Amino acid sequence: MHDNTTARGRILRGVGGLYSILLDGAEGSIVSCRARGLFRHLDITPLPGDRVELALTERADTTEDNGDGGEMMIAEIIDRRSALIRPPLANLDYLFITMASAKPTPIPETIDKLTAIAEHNGIEPVIVIGKSELDPAEAERLAAVYRSAGYAVFSLSCRTGEGIAPLRAYIAEHLPGKVAAFAGASGVGKSTLMTELFPTLQLETGGLSRKIERGRHTTRQVDLYPLDVGGDKPAFLADTPGFSMLDFARFDFFSLDDLPHAMREFAPHLGKCRYTDCTHLCEEGCAIVEAVAAGEIAPSRHASYCAMYAVLKEKKAWK
Ligand SMILES: Nc1nc2c(ncn2[C@@H]2O[C@H](COP(=O)(O)OP(=O)(O)OP(=O)(O)O)[C@@H](O)[C@H]2O)c(=O)[nH]1
Ligand SMILES: [Mg+2]
Ligand SMILES: [Zn+2]
């Protein structure tokens with residue numbers, strides 16, 4: 001078998017083993033192709049966000065020959081910097097962690113799992129609190145928690161339009177040439193917000209189920225969109241399917257030793273505990289516990305830390 005490299009590009013979506021790839025320097029041309037069997041053997045899944053090299057590969061069976069004697073295949077993944085399992089995306093620079101002030105009720109632990117996963121993978125978390133008009137006091141309370149943790153926070157409403165402009169400005173400033181995704185529970189308003197920011201998208205949006213006030217999983221797959229955000233390069237922004245609580249029930253995306261470093265506001269206090277092997281759960285003389293008592297670290301963030309600690313500890317015990 002002989003191939004010749006023909007093109008490079010970026011994966012925008014992958015469904016059922018079929019990938020859409022935006023070719024480099026070809027004015028928005030998108031090709032559709034599969035990946036070499038090799039990836040499956042190596043247990044590597046090409047992901048939206050991946051930069052790839054395409055090659056023209058000779059077909060094994062010539063009965064389907066389309067005249068040129070070969071087909072385009074993903075031959076190689078180029079310099080993958082990071083890969084998330086949920087949402088399944090590679091090379092993210094920013095993760096817009098999205099919640100609603102109400103409907104659905106925000107769950108701090110799942111939000112904090114996402115910030116920790118992003119931190120661990122070198123992805124900048126940005127907090128977006130949507131539907132702020134439903135419960136302005138709760139939106140403000142959440143904003144204070146995440147601002148004090150050290151994150152950029154945007155509180156906004158697609159219903160009233162309030163708070164959209166600062167997010168737009170942040171995107172114009174930081175996102176040209178970068179890869180970002182909106183992630184969060186189903187029904188928080190990710191697709192609504194992306195359509196508000198980029199009206200050409202017109203993404204499908206859904207209601208909430210009336211009985212349990214949870215989202216209906218309207219968005220079914222990850223789609224990465226090249227978008228003009230005002231800079232000289234386009235940004236790549238993904239809409240992702242909302243998760244349910246079950247998605248993060250098994251939280252083992254990194255090890256116990258990495259956990260304290262995945263909590264941004266812990267950083268100034270680490271190394272200052274009385275005991276060097278401090279778990280930062282409840283020890284005497286723990287600098288983290290003291291910072292919580294002093295109001296420097298939000299109790300909900302420490303509670304999330306403790307919950308993640310318990311899961312990761314159990315995993316370590318199994319090993
Ligand atoms: N009250 C209010 N409702 C909103 C706002 N933004 C979106 N919604 C509504 O919230 C519901 C869910 O919105 P979607 O954009 O589909 O939510 P999603 O996060 O994309 O949901 P999934 O695709 O299931 O993950 C829709 O009925 C929207 O109209 C808002 O600012 N205020
Ligand atoms: Mg959606
Ligand atoms: Zn400690």
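**Close-up views of a predicted model**

**View 1. Zinc ion (ligand 3) and its donors.** In this predicted model, C273 (SG), C278 (SG), H280 (ND1) and C286 (SG) coordinate the zinc ion (ligand 3) at 2.1 to 2.4 Å. Donors are N, O and S atoms within 2.8 Å of the metal (3.2 Å for Na, K and Ca), and water is not among the atoms, so sites may look incomplete. Along the chain, the donors of the zinc ion (ligand 3) have the spacing C-x4-C-x1-H-x5-C.

**View 2. Angles at the zinc ion (ligand 3).** The arrangement is tetrahedral because the four donor atoms subtend angles of 100 to 113°; for four donors, the term requires all angles to lie between 85 and 135 degrees. C278 and C286 are both buried, that is, under 20% relative accessible area with a 1.4 Å probe, counting protein chains only.

**View 3. Polar atoms facing ligand 1.** An N or O atom in the T219 side chain is 2.8 Å from an oxygen atom of ligand 1. For G187, a backbone N or O atom lies 2.9 Å from an oxygen atom of ligand 1. A polar side-chain atom of S157 lies 3.5 Å from an oxygen atom of ligand 1.

**Notes.** Residues are numbered from 1 along each chain as its sequence is written, and ligands from 1 in the order in which they are written. Local features need pLDDT of at least 70, and side-chain values use heavy atoms, without hydrogens and water.

Conventions
This is a predicted model: local features need pLDDT of at least 70, side-chain atom pairs count only at pLDDT 80 or more; totals for chains, interfaces and linings use all residues. Four donors count as tetrahedral if all angles lie between 85 and 135 degrees; four count as square planar and six as octahedral if opposite donors are over 155 degrees apart and all others between 65 and 115; anything else is irregular. Buried means under 20% relative accessible area, exposed over 50%, partly exposed in between (1.4 Å probe, protein chains only). A polar contact is a pair of N or O atoms within 3.5 Å; within protein, one must be able to donate a hydrogen and the other to accept it, and residues adjacent in sequence count only if both atoms are side-chain atoms.
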